[in-house]
Amino acid sequence: MSSPAAASDPTPYDALLLVSFGGPEAPEDVVPFLENVTRGRGIPRERLEQVGEHYYLFGGKSPINDQNRAFLRGLRADLAEAGLDIPVYWGNRNWDPYLTDTLAQMAADGVQRAACFMTSAYSSWSSCRQYRENLHDAVAALPGGSPAPKLDKLRHYFNHPGFVEPVVDATLAALAELPEDLRDGAHLAFVTHSIPTQMNDLSGPPDQGGGAYVRQHLDVASVVTDRVREETGRDHPHELVYCSRSGAPHVPWLEPDVNDHLAALKEQGAPAVVMVPVGFVSDHMEVIYDLDTEAMATAEELGLPARRAGTAGTDPRFVRAVRDLLVERAAVERGEEVVRNAVGTTGPMWDRCPVGCCANPRGARPTLTGEREPIDQ
């Protein structure tokens, strides 16, 4: 097992890279940002402008970049307090700071090997493998000269207690906000980003039969519900529901949509509901628009009392979870045995994504981190 000293040893890593989605910072950024997100999918500009209205409701600015800046501040402070002298970089897939620019800076700074923490906790092409494809592209785009840093993706953390416990506490806090006579019978709606059913079918390693995206969310929902029961003595009915469907109408996506679910709860006679954005690590646009704006309006129209639980955000336990994952992986790379933190039934996830994991529905593309696919050779 790792020694106590190993808890502050990041060797062989000399940098940590925060990898995120990115978002527009001003109204003029909105459509170019959406063009980046949807590049190659043939979505007309007028449709992007319609989607952009969600951002214009909030001044044309996504909250995600400011949230990442706050997370970076917390992470750097936590690492320094723990005695880990390691720089932390930040790169986005779809907006400034772009991964290509960040990787170029890391190469210029002489970074040789970096661990990558992604602000997406679950297994699927869009939430994991696409990020690994983007890292491959960013490294491939580096000019000659400084050698490219070796990048290792830290394991999935959807079931790490540092992520789950803040969700538990946020759910309890949201329940406490409901009127006392409605609280005990309230339903819990665990909300995540919908994806095409085919993408879910391909999520996880091929030998596990797919469906990892949904299974992982269900596992976390069960853990949170069990913990809420332990704290309150009440067993709240719960269901996994979805938001942010954006595909063509003829393509099946995961359902039910959160708004449809709210209508069903009202019809069933549910006294109240707490929406728990378990699929999001902070208050992304999908949370502040799809839940706080659209779903809350639906609940009000239905006359269904509703509250929204908070996300992990900059909770110190979530920040510490990144440090835990970093030193855990560093110890593994040094050949040491480690104790891995995880809750629920899934167990700790793999360090290196297996070959074929979360296959790209549009066809094989090379990835940089994890086990190398044949196409990467």
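This is a predicted model: local features need pLDDT of at least 70, side-chain atom pairs count only at pLDDT 80 or more; totals for chains, interfaces and linings use all residues.
Reader: In what order do the four strands of the open sheet stand?

Author: Strands of a sheet pair through backbone hydrogen bonds, parallel or antiparallel. Here the order is E6-E5-E7-E8, with parallel pairing. Pairing takes at least two DSSP bridges between two strands. E6 (238–243) and E8 (306–308) are the edges; each has a single partner strand, so one side of each lacks a neighbour in the sheet. From one strand to the next, the twist averages 25 degrees. Strand E7 (residues 273–276) and E8 share three bridges. In one of them, Val-274 partners Arg-307 of E8. H6 packs on the sheet too, touching E5 (187–193), E7 and E8, at about 155 degrees to E7.

Reader: Which residues touch the most other members of the largest nonpolar core?

Author: In soluble globular proteins, nonpolar side chains tend to be buried together. A core joins buried Ala, Val, Leu, Ile, Met, Phe, Trp, Tyr and Cys through side-chain atoms within 4.5 Å. Buried means under 20% relative accessible area, exposed over 50%, partly exposed in between (1.4 Å probe, protein chains only). Among the 64 residues here, Leu-16, Phe-117 and Phe-163 touch the most other members. Helix H6 (residues 161–177) gives the most, eight residues. Beyond four places in sequence, Phe-163 has contacts (heavy atoms within 4.5 Å) including Tyr-122, Val-278 and Phe-318.

Reader: How many disulfides does the count come to?

Author: A disulfide is a covalent bond between the sulfur atoms of two cysteines. The rule asks for sulfur atoms within 2.5 Å. The count is zero. For Cys-116, the nearest cysteine sulfur is that of Cys-128, 11 Å away. Cys-116 counts as buried, because its relative accessibility is 0%. Cys-353 is in no disulfide either: the sulfur of Cys-128 is the nearest, at 4.0 Å. With 3% relative accessibility, Cys-353 also counts as buried.

Technical notes: Residues are numbered from 1 along each chain as its sequence is written. Side-chain values use heavy atoms; hydrogens and water are left out. Helices (H or I, at least four residues) and strands (E, at least two) are DSSP runs, numbered from the N terminus. Axes are lines fitted to C-alpha atoms, for helices over the stretch in contact, and angles run from 0 to 180 degrees between N-to-C directions.
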